[in-house]
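I opened the model and kept notes.

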Amino acid sequence: MPRVIVIANQKGGVGKTTTAVNIAAGLALGGLKVLVVDMDPQGNASTALGVEHQEGVRGTYEVVVDGEPVESVLQSCPDIPGLWVVPATIDLAGAEIGLVATVSRETRLRNALADFFTKYYVDYVLIDCPPSLGLLTLNALVAAREIMIPIQCEYYALEGVTQLMRTIDLVKGRLNDDLRLTTVLLTMFDARTNLSSQVADQVRQHFAAQTLPTAIPRSVRVAEAPSYGQTVLSYHLASAGAQAYLTAAREIAERGAHL
Ligand code: ADP
Ligand code: MG
C-alpha cells in the first residue's frame, strides 16, 4: 500500500504547500512514484507543480463531489518524472457546500484513492490542505494514514497545533483509526536568529520522535520557485532550500511509516 500523508496545520502561511510540493519532488527525484492531491481551492500546489488549474479544469472537486475517478483528472508534472497531480481550481471553494448533501461526505477522497490503488501503483500520496478544518481537510485526514505538520520557526509556532491534535484525536476515534502524526518539519528556519533556534528546540522537545533532523532554511529560491511554475528542486537544485527538501524527503523515506 502507498504511504498516504496529509500535510496539515490550520495556520496559514506556515509552509504546507511548499512542503507538499517539494517533498513530493524530492521523493520523485529519488525514483519513487508520487501523487499530489491539491485540496486547497487556492490551487497553490497545482501552480508550483506547473499543471493546468484554471477554472473549468477537472480536478479534486470532480473527484470528491462528483465521484469521478482519480485517474480521469490527474496530470503529470511537466518537469519531474514520476510525479502526478490532482489539481485544484477555484471551483473547489464550492466543495464544502457541495459535499454537505452527498452520502458519506467524509470518506469521498478515501474511497476514490482506494479505487485508484486497485488499478495504478504509486509509492506516496501527499495531500495539501487548506488552512481550515472544514470538510476538505476532514476528507484528507480520513484518507491518510500519516500526518505531517510543517511548523514555521516563528512566534506562536505551536499555536493551533493543539487544536489540530484535538481534531486528529476526534478523527481517529470516529473515522480513521489508522491516522498517526509521523512527521513534523521545521520550516523557514533562520540560523541567524535566536528566535528560530528557540522555536526549533521547543518543537523538538514537544515532538521528539516526529521532528525530522533536517530543518528547511528560509530561502529566496524556495519563495521564487512557484512563480516559475516549478518546485525549488527543478528551479534551483543547488540552493540550500532545495537540498534541505531533498534531504528531508530522504529522511521521510528512510524512516518509513512507523515511528
Ligand atoms: P501554507 O501552504 O501553509 O499557507 P506556503 O507553503 O504557501 O504556506 O508558504 C507561505 C509563504 O512562505 C509562501 O509565499 C512561500 O513561498 C513562503 N515560503 C515557504 N517556505 C519558505 C522558505 N523555506 N523560505 C522562504 N519562503 C518560504
Ligand atoms: Mg497552502
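At what angle do α1 and helix α11 pack, and how far apart are their axes? I read an angle of about 70° between α1 and α11 (residues 240–255), with the axes 8 Å apart. Axes are lines fitted to C-alpha atoms, for helices over the stretch in contact, and angles run from 0 to 180 degrees between N-to-C directions. That makes α1 roughly perpendicular to α11 (65 to 115 degrees).

This is a predicted model: local features need pLDDT of at least 70, side-chain atom pairs count only at pLDDT 80 or more, and totals for chains, interfaces and linings use all residues. Residues are numbered from 1 along each chain as its sequence is written, and chains are lettered from A and ligands numbered from 1 in the order in which they are written.

On the α1 side I found N22, I23, G26 and L27; on the α11 side, Y245, L246, A248, A249, I252 and A253. Eight of these residues are nonpolar, two polar and none charged. Nonpolar covers Ala, Val, Leu, Ile, Met, Phe, Trp, Tyr, Cys and Pro; charged covers Asp, Glu, Lys and Arg; the others, Gly among them, are polar.

Then I turned to ligand 1. I noted 17 residues around ligand 1, with K16, T17, T18, V222 and A223 the closest (a residue is near if its C-beta atom, placed from the backbone, lies within 6 Å). Two or more shell residues come from each of α1 (16–29) and α9 (220–224). The largest share, three residues, belongs to α1. By class, I logged six nonpolar, nine polar and two charged shell residues.

How values were computed
Helix = DSSP H or I, 4+ residues; strand = E, 2+ residues; numbered from the N terminus. Parallel < 35°, antiparallel > 145°, perpendicular 65-115°, else oblique. Contact = placed C-beta atoms within 7 Å.
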